[in-house]
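Trainee: I am new to this structure. Please show me how to read it, one feature at a time.

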Amino acid sequence: MKKFVKILSTVSMFSLSIFHAQEIKVLEPYYLKDGKLEQFEKATAKIEAKAIGMGYGGVNNYLTIFNSKHSTVRFKNNEIPKFYIELPDNASSESITIVKADKVKESKTYRRFVQSGVSAGGTKDMSKYKIVLPLKNTENRVYEIIIPQNLEAGEYSFVISSGVQYDPFANPMEKKLFCFAIEP
């Protein structure tokens, strides 16, 4: 048991020292591959609103990445590496969510991530598309992002809340996403 704890603490110290050896950007998630930090696919998504069922099904708000059907960063379902992010002092774990891409026709050439939705009765339950991620503090504002083990296959994107990554020069109709895919 003592040997296991010693090995585990050595691995933890090694992975944390990687952050000091490489320059990482605040509010950008990374994953650990072969002892190195790797970046997720960065994409700019347009914010869209789309009526569902001629408006009777309400309106969904999407983050759409055009001319890109699949993420270049792909993981096998049972081989998901550890994810990390550095947060500023004013951020919290609620600032980071994963959003699952909506299914679109095979003939389309875009990915569409459901952000929110409203109907005549008020807001729609979008919990099947959004996952709030717990964070585990590792060192000075660097957090391990705890990924659920039961993620189903599909396209995913990290969405950082706009209050945390406010940029007065950014287009308000666009959002920066960090994408990856889970393969069966």
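Mentor: Start with one polar contact. The term means a pair of N or O atoms within 3.5 Å; within protein, one must be able to donate a hydrogen and the other to accept it, and residues adjacent in sequence count only if both atoms are side-chain atoms. Here, the side chains of Ser-71 and Glu-41 are joined by a polar contact of 2.8 Å.

Trainee: What should I know about the model and its numbering?

Mentor: The model is predicted: local features need pLDDT of at least 70, side-chain atom pairs count only at pLDDT 80 or more, and totals for chains, interfaces and linings use all residues. Residues are numbered from 1 along each chain as its sequence is written, and side-chain values use heavy atoms, with hydrogens and water left out.

Trainee: Where is Ser-71 found?

Mentor: Helices (H or I, at least four residues) and strands (E, at least two) are DSSP runs, numbered from the N terminus. Ser-71 lies in the loop between strand E4 (59-66) and strand E5 (74-76).

Trainee: Is Ser-71 buried or exposed?

Mentor: Buried means under 20% relative accessible area, exposed over 50%, and partly exposed in between (1.4 Å probe, protein chains only). Ser-71 has a relative accessible area of 3%, so this residue is buried.

Trainee: Which residues is Ser-71 in contact with, leaving aside its neighbours within four places in sequence?

Mentor: Contact means heavy atoms within 4.5 Å. With those neighbours left aside, Ser-71 is in contact with Glu-41, Arg-111, Glu-155, Cys-179, Phe-180 and Ala-181.

Trainee: Let us turn to strand E14. Why is strand E14 (residues 174-183) described as largely enclosed?

Mentor: Because seven of its ten residues are buried, strand E14 is largely enclosed by the rest of the structure.

Trainee: Which strand joins E14 by five bridges?

Mentor: Two strands pair if DSSP finds at least two bridges between them. Strand E13 (residues 154-160) is joined to E14 by five bridges, and the two run antiparallel. Phe-158 has Phe-178 in E14 as its bridge partner. Strand E3 (residues 41-51) also pairs with E14 in the antiparallel sense, over six bridges. There, Ala-45 stands opposite Lys-175. E5 and E14 run parallel and are joined by three bridges. Lys-76 stands opposite Glu-183 in E14.

Trainee: What is the strand order in the open sheet of five strands?

Mentor: The order is E2-E1-E6-E12-E11, with antiparallel pairing. Strand E2 (36-39) and strand E11 (135-139) are the edge strands, each pairing on one side only. From one strand to the next, the twist averages 40°. For such angles, axes are lines fitted to C-alpha atoms, for helices over the stretch in contact, and angles run from 0 to 180 degrees between N-to-C directions.

Trainee: How do I read the side chains of a strand?

Mentor: In a regular strand, side chains alternate between the two faces of the sheet. In E6, Phe-83 and Ile-85 point one way, Tyr-84 and Glu-86 point the other way, and all are buried.

Trainee: How many bridges pair strand E6 (residues 83-86) with strand E12 (residues 142-145)?

Mentor: Four bridges, in the antiparallel sense. Glu-86 stands opposite Val-142, and Ile-85 stands opposite Tyr-143. Strand E1 (residues 30-33) pairs with E6 over two bridges, also antiparallel. Tyr-31 stands opposite Phe-83 there.

Trainee: How many helices and strands does the protein chain have?

Mentor: One helix and 14 strands. Of its 184 residues, 38% count as buried.
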